[in-house]
Amino acid sequence: MKGIYGIPKKRFGGGIFDTPGNALFSLILLALLVHWGMGVWDWTITRGTWQAETAEQCARNGGFCWAFLRDRWRLILFGPYPFQEQWRPALALVVCLALLSASVSTWIWGKALGPRLLLFCWILGVPLMALLMIGGMLGIPRVPIRLWGGLPLTVMLASVGVSLAFLLAIALALGRVSKMPVLRWMATGYIEFFRGVPLIALLFLAAILFPYFVPPGWSMDTLLRAQLAFALFFAAYMAEAMRGGLQSISPGQYDAAQALGLSWWQTQRRIILPQALRKVIPSLVNIFIAAFKDTSLVVVISMLDLLGAANASTAEAKWWGLYIEPYLFIALIYLIFCSAMSAYSRGLERRLGIGER
Amino acid sequence: MAMPNLLSRLWHRPSSRARLWQALALGLFGAAIWWLWTNLTGNLARRDLGIDFRFLSGRASFEFGENLAGYQAGDSFLRAFLAGLGNTIQVAVAGIVLTTILALALALVRLSPNRLARRLTGTWIELIRNTPLLLQLLFWHQFIIRQLPMPRQAWEPLPGVFLSNRGLVFPAPETAAALLPMICAVLVGISVALVLRRTPSVHGSRLYHFLPICLLVAPPLIALLIAPPSISFPELKGFNFHGGSSVSPEFIALLCALVIYQSAFMAETIRSGILAVPKGQIEAAQALGLPRFQLLWLVVLPQALRIAIPPVTSQYLSLTKNSSLAVAIGYPDLVRVSQVTISETGRAVECVSILLAVYLSLSLFTALIMDVYNRRVMRRGGAAA
């Protein structure tokens with residue numbers, strides 16, 4: 001990385017101890033870092049409590065309450081899902097994560113049979129996950145949707161929401177750059193509306209107002225309504241990202257496709273979209289990260305996702321009053337997921353050679 | 001034979017095909033709206049409700065502490081909504097100012113010559129960006145109400161300013177009218193500065209650079225000395241503070257969370273703005289022998305900020321929208337007020353429409369201003385996004 005002053009790295013750039021001022025500053029920083037690190041060690045290890053029954057016993061040592069996490073980690077991870085059955089969401093989560101990471105692997109996409117194999121795995125995987133989560137067949141007891149929670153719910157809300165949003169966003173982005181004014185206005189109106197309102201207002205809309213907008217007798221689980229709201233919301237952001245990609249395609253591509261006699265659909269599907277979407281993969285990943293974090297907003301419509309389950313984990317009297325332990329625990333989970341995705345996005349950006357000036 | 005011929009001619013002419021698609025889209029859209037609308041009116045009629053905004057003049061019985069609009073329980077719902085909007089704007093404005101300062105500082109450290117400092121801020125920014133805002137907000141709220149001392153043992157970082165788990169109290173003028181002389185003095189100072197700026201004789205003199213400072217600082221100081229506003233100081237009485245002005249723990253938590261979260265994003269935007277300043281500019285400034293601080297302050301930052309203004313504006317907007325998370329900790333912002341109003345009156349459709357309309361107009365207004373700004377920058381031939 002170059003320094004702001006445009007001075008070559010050798011003189012100013014990367015150093016820690018290269019100039020006296022820099023060395024002094026680094027020493028102060030190091031001292032602070034060591035001090036802070038020792039504080040964390042003291043708090044978590046030296047004064048941390050592993051064996052305790054209540055929050056009060058933990059508080060006596062004044063350190064991190066590991067005992068709480070040992071007691072409650074499954075509640076935080078899986079929410080109110082029946083305790084005996086929690087292997088099911090765990091397995092579904094593993095399948096889902098494996099499929100997702102395979103789907104974004106450039107190595108698999110590079111193989112001749114890769115994409116087809118992926119499609120095949122998804123066709124097998126989705127019913128398997130549904131079976132695991134819902135049950136009611138093959139001797140697996142049925143678990144109602146309102147008992148879903150924790151990390152599987154968070155991953156589901158984000159990945160299903162973003163997948164649906166992706167399809168809608170392609171239509172919206174094509175409409176947004178269309179030459180037909182009516183389509184363009186409609187797409188623009190949609191995008192501006194959903195980008196202009198906070199997600200919370202949409203979740204309220206989905207949770208409170210949904211019954212008003214459908215014929216009487218129709219009902220839909222709150223979870224699915226929230227899922228729909230997420231999809232509609234993120235579609236607007238994804239469409240705006242894709243528009244950038246579409247607009248960066250040179251007109252020569254359209255002319256060449258026309259010269260070959262391709263129809264509009266063929267042109268979009270074979271020529272334009274593959275190039276445009278490829279360019280915006282990093283921004284789409286960033287939107288996915290945002291979606292993953294924003295699923296936590298379902299807490300305000302009283303659903304027990306990862307954050308909701310962490311809140312619920314201290315509701316019992318014996319652990320009442322703890323908040324650092326559950327919040328740090330789930331912060332770590334969010335951090336792992338989001339950092340992995342952003343590292344992937346950065347790697348891809350480097351490989352595709354975009355985002356460079 | 002004539003008909004199919006005509007039809008196929010129409011079908012193969014791009015312009016008529018475009019018209020067909022558009023008519024189809026419009027028809028589908030209209031049908032969807034009509035379907036939703038008939039469902040809505042039907043459902044409302046079944047519940048003996050209509051869409052009616054007259055409930056806004058009814059008396060609201062809920063209470064919330066702080067607000068600029070002076071709402072109290074028993075006032076109208078309209079007043080409650082205005083108070084909620086006021087609270088949203090209050091936290092957004094405070095958040096925007098503090099976020100900008102913190103983000104600028106982070107961005108500069110992120111580009112500092114010291115690698116350790118760069119790495120540390122980079123890690124910090126990653127940590128903050130990769131955890132949900134709501135989680136951070138709930139954490140800060142719990143932290144303030146559990147970790148800060150009771151009012152009796154309140155921290156006193158500055159004389160007269162107390163921080164406790166009941167919030168922050170600080171000295172403030174007793175009434176808004178007490179500030180009138182000060183406000184007048186500031187206005188006088190600004191107008192004199194504007195007049196003098198156009199006076200050629202002042203322009204050339206050395207005084208010129210100090211003029212804005214003198215005119216902005218001196219008149220309020222004089223006003224302070226001549227007509228000092230009566231200040232009310234907070235005092236501990238019983239279990240809580242009386243007098244002075246205060247902000248609730250919810251406000252502090254919300255502000256903390258918003259500023260910390262949003263500044264991590266903005267720091268990266270400002271950083272890329274700084275990196276986008278052409279190298280020639282920096283080399284030219286170095287050739288002129290500008291010291292490092294002046295190089296940064298006079299050459300790099302003005303150009304970097306111009307590049308960064310469009311993305312930064314959209315981040316201001318997202319900060320304002322994110323302030324709606326306040327509802328999760330009970331800070332009485334617009335969303336919270338509508339939520340409470342819905343539970344008190346059952347007017348869900350109206351309240352949610354108000355909510356959507358307010359946020360939407362806020363966004364569109366900002367977009368409009370950005371558009372005007374972008375066009376001006378384009379005309380000047382500067383960098384525009």
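Start by selecting H141(B), which sits in helix 5 (residues 133–147) of chain B. Keep in mind that this is a predicted model. Is H141(B) buried or exposed? Its relative accessibility is 11%, and buried means under 20%, so H141(B) counts as buried. Now show what surrounds this histidine: setting aside neighbours within four places in sequence, H141(B) touches E250(B), A253(B) and I329(B).

Next, zoom out and select the whole of chain B. Coloured by secondary structure, chain B shows 13 helices and eight strands. Of its 385 residues, 41% count as buried.

Last stop: chain A. Select helix 7 (residues 150–176) and helix 8 (residues 181–196) of chain A, whose axes come within 7 Å and cross at roughly 125°. That angle is why helix 7 of chain A counts as oblique to helix 8 of chain A. The crossing of these two helices is left-handed.

Now bring up side chains where they meet. From helix 7 of chain A, show L168(A), L172(A), G175(A) and R176(A); across from them, in helix 8 of chain A, are L183(A), R184(A), A187(A), T188(A), Y190(A) and I191(A). Colour this contact by residue class and you get six nonpolar, two polar and two charged residues.

Key:
Residues are numbered from 1 along each chain as its sequence is written. Chains are lettered from A and ligands numbered from 1 in the order in which they are written. This is a predicted model: local features need pLDDT of at least 70, side-chain atom pairs count only at pLDDT 80 or more; totals for chains, interfaces and linings use all residues. Side-chain values use heavy atoms; hydrogens and water are left out. Axes are lines fitted to C-alpha atoms, for helices over the stretch in contact, and angles run from 0 to 180 degrees between N-to-C directions. Helices (H or I, at least four residues) and strands (E, at least two) are DSSP runs, numbered from the N terminus. Angles under 35 degrees count as roughly parallel, over 145 as roughly antiparallel, 65 to 115 as roughly perpendicular and the rest as oblique. A crossing is left-handed if the near helix is turned anticlockwise from the far one by less than a right angle, and right-handed if clockwise. Contact means heavy atoms within 4.5 Å. Ala, Val, Leu, Ile, Met, Phe, Trp, Tyr, Cys and Pro count as nonpolar, Asp, Glu, Lys and Arg as charged, and the others, Gly among them, as polar. Buried means under 20% relative accessible area, exposed over 50%, partly exposed in between (1.4 Å probe, protein chains only).
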